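Q: Please take a close look at one part of this model, its aromatic rings. Walk me through how they meet.

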Amino acid sequence: MMLNRRHIRVKVMQTIYAFNGSESDDLKKDEKFLVFSIENMHNLYILIMSLLLEVQKRAEKDLEKKQKKHLATSEDKNPNKKFINNQVFQLIQQNETLLSSIKNNKAINWELDSEYVDIIFKAIINSDLYEDYMQTRTSDFKEDKDFFIDIFKEIIAPNNKLYDYIEDKSLTWLDDLPTVNTLILKLFRKLKVNTTDAHFTPKLYKDADDKQFAIDLLKKTILNATTINAEIAKKTKNWDADRIANLDYVLLQMGICELQHFPSIPVKVTINEYLEIAKEYSTPKSSIFINGILDKLVKEYKKEDKLNKVGRGLM
């Protein structure tokens, strides 16, 4: 599974933030953008997985070139194939479902973007990790897997040139990259020799409810904006409206919407989620400000018996 509820909330936040800055009142367009930006995460995952296969192909070409050299050394003629034969590469290559997704993805064209394959390949072979790994000619599955995890974590994921490339390819991908990289690492860590095709084809959502939650949160926040904004205004009388960060305002709108219109989501969960998102995406003081407003509203709703929550432990 790629997305949890916090990722979904972030996607909704980004869509509402964009919606607030536009003159459009076409909710369909915003819903379309939200669904696209969520589903585009899968394309980013496919892009990075395909890059790994391209790096392996690049390594094979490198060995072939050395073997054909006019003055080839004995090492050139009988090269160490430990890297290209790494069992993690083999498992990715054997995954028919993944290969089919790569082949059918129009956004991927590493022939045009081969300089980035070269950048990653050279960064790997010039690393101490590679040097240590290539000290021997054979390895077991555990060594192959550990090496793969290390190069992904320390060389591929933090590569700035790759980051720039991804930013150029799609605006929505920048925020998705940490999530997708974390997912890929998780998949490598759980990898077994007899893994199934499903291992490298994770679902986007946990279930249909999560997809519906994304659409409902977007719609209900926008459609109830007038009453939600009135609630915010009552609680921020001493604040200059222009001084409230736009992003904080959106997070408050979404948080209040959840308190009012999502009876099955516990109050604690709603508050914690928006505080964590504020810490990550807004100003250093945002979480304190948001916590203060939501806390006051919860107390008020409880007092007036307006907190419409169902199920145990939801208050």
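A: One aromatic cluster is formed by Phe83, Phe89, Tyr130, Tyr133, Phe147, Phe148, Phe152, Phe188 and Phe200. The model is predicted: local features need pLDDT of at least 70, side-chain atom pairs count only at pLDDT 80 or more, and totals for chains, interfaces and linings use all residues. Residues are numbered from 1 along each chain as its sequence is written, and side-chain values use heavy atoms, with hydrogens and water left out.

The structure holds 11 aromatic pairs. Rings of Phe, Tyr and Trp (its six-membered ring) pair if their centres lie within 6.5 Å; planes under 30 degrees apart count as stacked, over 60 as edge-to-face and the rest as tilted. Take Tyr133 and Phe147. Their ring centres are 3.8 Å apart and their planes are at 0 degrees, so this pair is stacked. Tyr133 sits in helix H7 (residues 128-133) and Phe147 in helix H8 (residues 141-156), so the pair ties together parts that are 14 residues apart in sequence. Helices here are DSSP runs (H or I, at least four residues), numbered from the N terminus. Both Tyr133 and Phe147 are buried, meaning under 20% relative accessible area with a 1.4 Å probe, protein chains only.

Tyr133 also has a charge over its face: Lys82, at 4.3 Å from the ring centre. That label requires NZ of Lys or CZ of Arg within 6 Å of the ring centre and within 35 degrees of the ring normal.

Key: Helix = DSSP H or I, 4+ residues; strand = E, 2+ residues; numbered from the N terminus. Buried < 20%, exposed > 50% of the residue type's maximum accessible area, 1.4 Å probe, protein only.
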